[in-house]
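Here's a quick briefing to read with the model open beside you. Have a look at the fold, then work through the points below.

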Amino acid sequence: MSLENMTVLICDDSLLARKKMVTFIRSLGVGTVVEAGDGEASVNMYKNHLPDVTFMDIVMPKVNGVDALKQILKINPDAKVIMASSVGTQENLKEAITAGAYDFLQKPLEENQVKSIIEKLAK
């Protein structure tokens, strides 16, 4: 799959963090980048767009990232969901990995890590 044909979903309640990720991922040449500001919206966006990869913040309003991950995996057991976590949410990370997260990244996200995940999934 080429980067132009990829769809990436960014889920973060921080508008600033989302905009930064969207801009960076678009700069890599990814064709479609969609975003959600809470866990509930992320599940709906997943259903509507069936992205190739999802970057999901753990701590979000309405539905937290781990519960959203579980709902997404019910829609598509092969979903590639990368969980993002700030310091102090290691317990949640364990839960996310157990629930079936594809990978996890420490926040603030490093662009080279994001780039390598996207490139790996594009192959």
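The axes of helix 3 (residues 65–75) and helix 4 (residues 90–99) come within 10 Å and cross at roughly 5°, which makes helix 3 roughly parallel to helix 4. Helices here are DSSP runs of H or I with at least four residues, strands are runs of E with at least two, and both are numbered from the N terminus.

**How the two helices meet**
- The axes are lines fitted to C-alpha atoms, for helices over the stretch in contact, and angles run from 0 to 180 degrees between N-to-C directions.
- Angles under 35 degrees count as roughly parallel, over 145 as roughly antiparallel, 65 to 115 as roughly perpendicular, and the rest as oblique.
- On the helix 3 side, the contact (heavy atoms within 4.5 Å) is made by V66, L69, K70 and L73, and on the helix 4 side by N92, E95, A96 and A99.
- By class, this contact of helix 3 with helix 4 has 5 nonpolar, 1 polar and 2 charged residues.
- For those classes, Ala, Val, Leu, Ile, Met, Phe, Trp, Tyr, Cys and Pro count as nonpolar, Asp, Glu, Lys and Arg as charged, and the others, Gly among them, as polar.

**Salt bridges**
- The structure holds 8 salt bridges, each one a side-chain nitrogen of Lys or Arg within 4 Å of a carboxyl oxygen of Asp or Glu.
- K70 and E95 form one of them, with their closest N and O atoms 3.5 Å apart. This pair links distant parts of the chain, since K70 sits in helix 3 and E95 in helix 4, 25 residues apart.
- K70 counts as partly exposed at 35% relative accessibility, and E95 is also partly exposed, at 39%. The cut-offs are under 20% relative accessible area for buried, over 50% for exposed, and partly exposed in between (1.4 Å probe, protein chains only).
- D38 and K62 meet through their side chains in a salt bridge of 3.9 Å, N to O. D38 lies in the loop between strand 2 (32–36) and helix 2 (39–49) and K62 in the loop between strand 3 (53–57) and helix 3, so the pair ties together parts that are 24 residues apart in sequence.
- Is D38 buried or exposed? D38 is buried, at 13% relative accessible area, while K62 is exposed, at 66%.
- K115 and E119 meet in a salt bridge too (3.8 Å, N to O). They are 4 residues apart in helix 5 (residues 111–122), which means about one helical turn separates them.
- D12, D57 and K107 are linked in a network of salt bridges.

**A look at V63**
- V63 lies in the loop between strand 3 and helix 3 and counts as buried, at 17% relative accessibility.
- Leaving aside residues up to four places away in sequence, V63 touches G39, E40, A68 and Q71.

**The whole chain**
- The chain has 5 helices and 5 strands, running β-α-β-α-β-α-β-α-β-α from the N terminus on.
- Of its 123 residues, 44% count as buried.
- The C-alpha atoms fill a box of roughly 35 × 30 × 25 Å, taken along the principal axes.

**Reading the numbers**
- Residues are numbered from 1 along each chain as its sequence is written, and side-chain values use heavy atoms, leaving out hydrogens and water.
- Because this is a predicted model, local features need pLDDT of at least 70 and side-chain atom pairs count only at pLDDT 80 or more, while totals for chains, interfaces and linings use all residues.
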